[in-house]
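This report describes a protein chain and its ligand. Please keep the sequence and the model open while reading.

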Amino acid sequence: MRIDILTVLPQLLESPFNYSIVKRAQEKGLVEIVVHNLRDFSTDKHRRVDDYAYSGIAGMVMCIEPIDRAISFLKEQRQYDEIIYTSPDGEPFTQKMANQLSTKKNLLILCGHYKGVDQRVRDHLITKEISIGDYVLTGGELAAAVITDAVVRLLPGTLSDEQAALTDSFQDGLLSPPVYTRPANYKGWKVPEVLLSGNTKLIEEWCLQQAIERTKRLRPYLLKSDE
Ligand code: ADE
């Protein structure tokens with residue numbers, strides 16, 4: 001898989017991909033992540049990529065020209081399965097979406113900034129708009145990092161224990177059950193007896209019941225949806 005990220009702040013994305021699982025996935029050749037500076041596609045002598053909004057609302061708008069030039073340049077080299085725009089008013093990012101994106105070959109992510117991009121970018125150049133939550137970040141870079149991380153860890157061969165992704169919260173529509181490790185008794189705070197019983201069937205039942213209880217309490221809508 002290849003993920004291209006287009007941003008006005010490439011420095012913000014230097015560190016998130018250089019550690020742990022995402023770094024290992026790149027070293028193993030499972031994913032190539034390439035960050036591009038949108039300013040490299042500006043023809044302005046000050047490398048500007050934004051301008052005032054026609055509507056007069058406060059804040060700058062990202063111009064269509066450098067974005068179109070950058071996307072066209074990248075599209076000449078490969079076909080993208082999705083061209084994603086990160087924005088607070090995008091489709092809410094979910095595990096299901098991460099699963100779907102992890103099956104793709106080439107993704108391009110455009111990071112929003114300022115008041116956002118000229119609407120014509122969204123209308124004509126973007127295939128998917130994603131929000132990572134109902135709050136506003138200073139830019140779409142952290143959202144791009146979140147999406148990339150969630151997708152890359154699903155690529156076969158990325159996690160050392162392949163089962164780990166399957167037992168994640170959300171993967172079966174439920175939150176994960178609580179986990180414990182040694183010591184069995186710490187300052188009188190005890191690990192539930194059943195987990196020490198060695199009875200696999202009982203333990204599995206307990207984990208499922210805990211997962212359902214947690215989901216009911218913290219994400220009741222997951223139990224109601226039939227997705
Ligand atoms: N850019 C600013 N806020 C964002 C959010 N919540 N999700 C995606 N991109 C954003």
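Arginine 217 and glutamate 213 are both in helix α7 (residues 200-218), four residues apart, or about one turn of the helix. Helices here are DSSP runs of H or I with at least four residues, strands are runs of E with at least two, and both are numbered from the N terminus. The two residues form a salt bridge in which the closest N and O atoms are 3.0 Å apart. A salt bridge is a side-chain nitrogen of Lys or Arg within 4 Å of a carboxyl oxygen of Asp or Glu. Arginine 217 is exposed, with a relative accessible area of 52%, and glutamate 213 is partly exposed at 35%. Buried means under 20% relative accessible area, exposed means over 50%, and partly exposed is in between (1.4 Å probe, protein chains only).

## Basis of the model

The model is predicted: local features need pLDDT of at least 70 and side-chain atom pairs count only at pLDDT 80 or more, while totals for chains, interfaces and linings use all residues. Residues are numbered from 1 along each chain as its sequence is written, and side-chain values use heavy atoms, with hydrogens and water left out.

## Overall layout

The protein chain has eight helices and nine strands. Of its 227 residues, 41% count as buried. Its C-alpha atoms fill a box of roughly 70 × 40 × 35 Å along the principal axes.

Tyrosine 54 is in the loop between β3 and β4 (60-62) and is exposed, with a relative accessible area of 85%. From tyrosine 54 to glycine 198 the C-alpha distance is 68 Å, and the two are 144 residues apart in sequence.

## Other salt bridges

The structure holds 13 salt bridges. Side chains of opposite charge can pair when their charged atoms come close. Arginine 122, in helix α4, meets glutamate 129 side chain to side chain in a salt bridge (2.8 Å, N to O). Arginine 122 is buried, at 15% relative accessible area, whereas glutamate 129 is partly exposed at 23%.

Aspartate 168 and arginine 153 also meet through their side chains in a salt bridge (2.7 Å, N to O). This pair links distant parts of the chain, 15 residues apart: aspartate 168 is in the loop between α6 and β8, and arginine 153 is in the loop between α5 and α6. Aspartate 168 is buried, with a relative accessible area of 16%, and arginine 153 is partly exposed at 22%. A network of salt bridges links Arg2, Asp4, Glu32 and Arg78.

## Ligand site

The ligand is surrounded by 13 residues, the closest being Ser87, Ile132, Gly133, Tyr135 and Leu137.

A polar backbone atom of isoleucine 132 is 3.0 Å from a nitrogen atom of the ligand. For tyrosine 135, a backbone N or O atom is 2.8 Å from a ligand nitrogen, and for leucine 137 the corresponding distance is 3.0 Å. The protein covers 97% of the 260 Å² of accessible area that the ligand has on its own; accessible areas come from the Shrake-Rupley method with a 1.4 Å probe. The elements that give two or more residues to the shell are β5 (82-92) and β7 (128-131). β5 gives the most, with three residues.

## Backbone geometry

Most residues other than glycine have a negative phi, and most peptide bonds are trans. Arginine 47 has a positive phi, near 60 degrees. Arginine 47 is in the loop between β2 (32-37) and β3 (50-52) and is partly exposed, with a relative accessible area of 35%. Tyrosine 114 also has a positive phi, about 50 degrees. Tyrosine 114 is in the loop between β6 (106-111) and α4 (119-124), and is partly exposed at 40% relative accessibility.

The peptide bond from arginine 182 to proline 183 is cis, with omega near 5 degrees. Proline 183 is in the loop between α6 (163-166) and β8 (185-186).

Notes
A residue is near a molecule or strand if one of its heavy atoms lies within 4 Å of it. A polar contact is a pair of N or O atoms within 3.5 Å; within protein, one must be able to donate a hydrogen and the other to accept it, and residues adjacent in sequence count only if both atoms are side-chain atoms.
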